[in-house]
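Biologist: I would like a close look at a single part of this model. Please keep it plain.

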Amino acid sequence: MEIRPAYASDHAAIARIIVPTIRAGETYALDPQLSEADAVAYWTGTDRETFVAEQDGRLLGTYYLRANQAGGGSHVANCGFMTGEAAAGRGLGRAMGEHALDRARARGFSAMQFNFVVSTNNRAVRLWQSLGFDVVGRLPSAFRHPGLGAVDALVMFRAL
């Protein structure tokens with residue numbers, strides 16, 4: 001598997017990964033009705049670096065890396081990660097997470113923060129904790145899960 005920068009030619013494959021996750025509405029605070037074009041524009045915005053995980057010519061996952069805040073908060077990185085359904089449970093999230101940590105260090109970030117990890121996204125919470133992230137905040141009932149109702153969102157952080 002190769003993790004590489006995303007190209008414009010990857011946008012259709014990125015859409016096939018991110019749109020179903022956005023439509024499900026279970027893990028990202030994005031409008032489930034976001035158009036495909038707007039979803040890809042969000043994921044590949046000019047304020048971030050976007051990467052894809054490719055195996056045998058097929059994109060299996062994607063992530064972006066950006067500064068969490070501007071100005072005085074620009075030394076802290078922020079990321080978003082999504083994998084295709086076919087890649088679930090194959091270590092792709094871990095590989096992308098490790099890649100993101102290395103890339104953030106290379107860019108000079110001193111920490112990484114996830115602002116809004118849905119607490120019921122157990123696989124993500126376990127993964128980030130195994131990669132050294134701590135839960136530093138809990139936002140009670142901050143996310144409207146389509147099946148579970150109001151659930152907490154977590155703020156997760158680690159120094160680099």
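At what angle do α1 and α2 pack, and how far apart are their axes?

Modeller: This is a predicted model, in which local features need pLDDT of at least 70, side-chain atom pairs count only at pLDDT 80 or more, and totals for chains, interfaces and linings use all residues. Residues are numbered from 1 along each chain as its sequence is written, and side-chain values use heavy atoms, with hydrogens and water left out.

The two helices (DSSP runs of H or I, at least four residues, numbered from the N terminus) pack at about 105°, their axes 9 Å apart. The axes are lines fitted to C-alpha atoms over the stretch in contact, and angles run from 0 to 180 degrees between N-to-C directions. α1 is therefore roughly perpendicular to α2, a label for 65 to 115 degrees. On the α1 side the contact (heavy atoms within 4.5 Å) involves His11, Ile14, Ala15, Ile18, Val19, Ile22 and Arg23, and α2 supplies Glu36, Ala39, Val40 and Trp43.

Just after α1, glycine 25 has a positive phi of about 65°.

Methods:
Parallel < 35°, antiparallel > 145°, perpendicular 65-115°, else oblique.
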